[in-house]
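Hi,

Here is the structure I promised to pass on. My notes on the fold follow below it.

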Amino acid sequence: MTRPTLTLNTLQAKKNIQKMKAICEQHEMDFRPHFKTHQSPQIAEWFRQEGIDKCTCSSLDMAYEFVNHGWKDICVAIPLNVREMQKANLIASQVKLSLCVDHLETLTRLAQETYSPIFVFIEIDTGYGRSGVYYEDRALINSLLKKIDETEHLEFSGFLSHTGNSYHSLNAKKGRSIFEEARKNMEELKNEYMEQYPQMILSMGDTPSSNFADKFDGIDEWRPGNFIFYDFMQYALGVCTEEEIAVRVKCPVIGIYPNR
């Protein structure tokens, strides 16, 4: 080894997949892993070997890469960029594609320009502050639902949220509190709209909450990503053990200067 080299413990990574799959099975949630951490078709095959047949991506480009490797059920868990409608239609013509919206203007463009069936999640901001409709904004939620209902090629999938603020917690207790507040708000939304949309689901998931949470009531789909490798940030949060970290950067030492 002559230069810093990224190494992967494949056995540990596969154990991490099995561990997260077991959490989902225990709590009766569908497992839709996020592939943004590895972005590797080869690693994606390890998930498929465990019977997992759906995934999450963070862009349409990434989604198209996995379409080309046989994935048939893909969610792009970031609000749609309407300048990519041609690509969205191309993907939706080949596989089941779920997209996220949080603006009526975006949804209107989607409704006007889509010609393939597309499943739509309304992204909800439960406190992270990155994107999504504010949980309290029922007027916007209802406007989005109305537009989806009016559009032939669009189908409402449910509500999606990412509790990314769990990464800001200093300990498991705080992380548990952040996630539980988000979960309760999402469950309340589900209960409010379930009679009107009996097939809708709640899609949530992040790696820290997988370990912090005491319960997952109301959640139908779980979308963590970092767990495939973990890292020292996760270790410091108490999410994983040091042995569960599956990647290392090995660096050659060219000099030691104890006096400095």
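The chain has 9 helices and 11 strands, taken as DSSP runs numbered from the N terminus (helices: H or I, at least four residues; strands: E, at least two). Its radius of gyration is 20 Å, close to the 18 Å from the globule rule for 260 residues, so the chain is as compact as a globular protein of that length. That radius is taken over C-alpha atoms, and the rule is 2.2 Å times the number of residues to the power 0.38. Along the principal axes, the C-alpha atoms fill a box of roughly 70 × 40 × 40 Å.

Please keep in mind that this is a predicted model: local features need pLDDT of at least 70 and side-chain atom pairs count only at pLDDT 80 or more, while totals for chains, interfaces and linings use all residues. Residues are numbered from 1 along each chain as its sequence is written, and side-chain values use heavy atoms, with hydrogens and water left out.

Of the 260 residues, 50% are buried (under 20% relative accessible area, with a 1.4 Å probe and protein chains only). Among contacts (heavy atoms within 4.5 Å) between residues at least 6 apart in sequence, 62% join residues at least 24 apart.

In α4 (residues 85-92), the buried residues are M85, A88, N89, I91 and A92. Seen down the helix axis, they fall within an arc of 165°, so they line one face of α4; the arc is that of the directions from the axis to the C-beta atoms. Their cover includes α3 (60-67), β5 (96-101), α5 (104-113) and β6 (118-125).

Best wishes
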